[in-house]
Amino acid sequence: METTEWELIRKCQKGEVAAYEELAAKYYRRVFMVILGMVHHRDDAMEVAQETFYRAFKNIRRFKGGSNFYTWVYRIAVNLAIDFQRRQKRSLMDLKENMDEVVVDAETSSGDPFREINDRRLGEKLLHAINELTPDHKAVIVMRAVEGLSYKEIGRIMECSEGTIMSRLHYARKKLQEKLGTDL
């Protein structure tokens with residue numbers, strides 16, 4: 001019989017590390033991708049993800065179940081990623097180099113060199129435009145566009161209303177359209 005998430009949480013709260021490892025394994029990739037979308041650097045994303053799961057483990061006894069576990073962990077991750085961004089100022093070249101590694105790992109050749117060059121150029125411009133957004137706007141774009149989270153879920157994670165999320169998303173999209181202009 002499969003253990004429910006709430007049963008795993010209860011076991012974690014009693015100090016069972018194996019139960020926490022199971023929970024962390026379930027959400028690690030999704031949390032890592034949100035963080036990577038915000039900090040744009042693989043090593044930094046790994047560091048923030050590690051801190052996220054450490055803090056979640058350290059504070060699991062305070063988790064009362066008022067939200068889903070993943071919403072609670074996402075909130076920790078987004079807050080840590082925003083704090084990290086505020087502390088770190090990476091150069092565009094460093095950012096580009098690290099995101100290129102991720103993109104190259106994930107993409108396959110289409111066989112059309114002209115299209116690949118255009119796609120890469122557009123990807124670089126998009127990345128640059130996203131990087132110029134404020135941390136809060138970047139977080140909303142990543143959670144909505146990459147993770148496909150609802151306004152309600154993002155609102156719970158960011159601890160603000162759905163109206164605020166829609167407003168931030170509208171502002172972020174408008175800024176991206178201004179930056180990308182004719183490339184869209």
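Helices are DSSP runs of H or I with at least four residues, strands are runs of E with at least two, and both are numbered from the N terminus.

From first C-alpha to last, α4 reaches 27 Å, close to the 27 Å expected at 1.5 Å a residue. That expected span is 1.5 Å times one less than the number of residues in the helix.

Now, where does this come from? The model is predicted, so local features need pLDDT of at least 70 and side-chain atom pairs count only at pLDDT 80 or more, while totals for chains, interfaces and linings use all residues. Residues are numbered from 1 along each chain as its sequence is written, and side-chain values use heavy atoms, with hydrogens and water left out.

Let's step back to the whole chain. Its secondary structure comes to 9 helices and 0 strands. Of the 184 residues in the chain, 40% are buried. By contact I mean heavy atoms within 4.5 Å. Taking contacts between residues at least 6 apart in sequence, 66% join residues at least 24 apart.

Next, helix pairs. Two packed helices are described by the angle between their axes and the distance between the axes. Axes here are lines fitted to C-alpha atoms, for helices over the stretch in contact, and angles run from 0 to 180 degrees between N-to-C directions. Angles under 35 degrees count as roughly parallel, over 145 as roughly antiparallel, 65 to 115 as roughly perpendicular, and the rest as oblique.

So how do α3 and α4 pack? Helix α3, residues 42-58, meets α4 at an angle of about 135 degrees, with the axes 9 Å apart. That makes α3 oblique to α4. The crossing of α3 past α4 is right-handed; a crossing gets that name if the near helix is turned clockwise from the far one by less than a right angle, and left-handed if anticlockwise. On the α3 side, the contact includes Val-48 and Phe-53, and on the α4 side Trp-72 and Phe-84 are among the residues. By class, this contact of α3 with α4 has 10 nonpolar, 1 polar and 4 charged residues. For those classes, Ala, Val, Leu, Ile, Met, Phe, Trp, Tyr, Cys and Pro count as nonpolar, Asp, Glu, Lys and Arg as charged, and the others, Gly among them, as polar.

Now please find α7, residues 135-146. This helix has 12 residues and reaches 16 Å from first C-alpha to last, close to the 16 Å expected. Which helices do its buried residues pack against? They pack against α2 (17-39), α4 (69-87), α6 (113-131), α8 (151-158) and α9 (162-180). After α7 comes Gly-148, with a positive phi near 70 degrees.

Take α2 as a partner. α2 and α7 pack at an angle of about 135 degrees, axes 9 Å apart, and are therefore oblique to each other. In this contact, Met-33, Val-34, Gly-37 and Met-38 of α2 meet Pro-135, Lys-138, Ala-139, Val-142 and Met-143 of α7. The residues divide into 7 nonpolar, 1 polar and 1 charged.

With α9 the arrangement is as follows. The angle between α7 and α9 is about 95 degrees, with axes 9 Å apart, and these two helices are therefore roughly perpendicular to each other. The contact of α7 with α9 has 7 nonpolar, 1 polar and 4 charged residues.

Let's zoom in on one meeting point there. His-137, in α7, is buried, at 13% relative accessible area. Leaving out residues up to four places away in sequence, His-137 touches Arg-168, Tyr-171 and Ala-172. Arg-168 sits in α9; Arg-168 and His-137 are 31 residues apart in sequence and 5.8 Å apart in space, C-alpha to C-alpha.

I'll finish with two loops. Most residues other than glycine have a negative phi. His-40, in the loop between α2 and α3, has a positive phi near 60 degrees. Glu-159, in the loop between α8 and α9, has a positive phi near 55 degrees. Buried or exposed, for His-40? At 3% relative accessibility, His-40 is buried, whereas Glu-159 is exposed at 56%.

Methods. Buried means under 20% relative accessible area, exposed over 50%, partly exposed in between (1.4 Å probe, protein chains only).
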